[in-house]
Amino acid sequence: MSHTTAIDNIVFQDIAALTAAVNELAAQGIKCSLEKDAVPRAYYQNQVGMEKAPYVLRLHDAPFDIGFYYDKDKGGHVARTDLHAGHVSRQLGVQAQGSETAMQAALGKLNQTYAIHATTRAAVAKGMQVRRVNGNDGSVRLVVTGM
């Protein structure tokens, strides 16, 4: 039996933004690091779907990691992890909102932080200025100006 879950409706196209997101999560106290060309830890050693990945988010306070695998049809990396027993969710999860799936919510902090950095990098590359406004409720608003 495999516990592998692919969260392929979120595509990580900007690895520099992913790196920045992981660094921010680490600065917030989540013990994690991004490694290249590694095998993510899962419930079973050699678990199907959790082979060597181009990038692995090591979650040092959890027994499982997140592998990022390139999907040529999607044009970027998709996340695969083992969601068994909620270990990953306890590190990165948020309450699902709106049309967000439970699998997306399990990586919610990572997804949000990545989106912030990817959007900021894309806007700055186009010559815009970005101001980040953090809400007391954990929400983030990006104010993009210029052009």
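Mentor: Buried means under 20% relative accessible area. Keep that cut-off in hand. This is a predicted model.

Trainee: Is F68 buried or exposed?

Mentor: Compare its value with the cut-off. F68 has 0% relative accessibility, so it counts as buried.

Trainee: How many aromatic pairs are there?

Mentor: The count comes to 3 aromatic pairs. Take F12 and F68: their ring centres are 5.0 Å apart, with 75 degrees between the planes. Planes over 60 degrees apart count as edge-to-face, and that is how this pair is classed.

Trainee: Which parts of the chain does the pair of F12 and F68 link?

Mentor: Find each residue's element. F12 is in strand β1, residues 4–12. F68 is in strand β4, residues 66–71. F12 counts as buried because its relative accessibility is 1%.

Trainee: What is the geometry of the pair F12 and Y114?

Mentor: Read distance, then angle. The centres lie 4.7 Å apart and the planes meet at 55 degrees, so this pair is tilted. Y114 sits in helix α4, residues 108–125, and F12 in strand β1, so the pair ties together parts 102 residues apart in sequence.

Trainee: Is Y114 buried or exposed?

Mentor: Y114 has 7% relative accessibility, so it counts as buried.

Trainee: Which residue lies over the face of Y69?

Mentor: Look for a charged side chain above the ring. Here R80 lies over the face of Y69, 3.9 Å from the ring centre.

Technical notes: Residues are numbered from 1 along each chain as its sequence is written. This is a predicted model: local features need pLDDT of at least 70, side-chain atom pairs count only at pLDDT 80 or more; totals for chains, interfaces and linings use all residues. Side-chain values use heavy atoms; hydrogens and water are left out. Rings of Phe, Tyr and Trp (its six-membered ring) pair if their centres lie within 6.5 Å; planes under 30 degrees apart count as stacked, over 60 as edge-to-face and the rest as tilted. Helices (H or I, at least four residues) and strands (E, at least two) are DSSP runs, numbered from the N terminus. Buried means under 20% relative accessible area, exposed over 50%, partly exposed in between (1.4 Å probe, protein chains only). A charge sits over a ring if NZ of Lys or CZ of Arg is within 6 Å of the ring centre and within 35 degrees of the ring normal.
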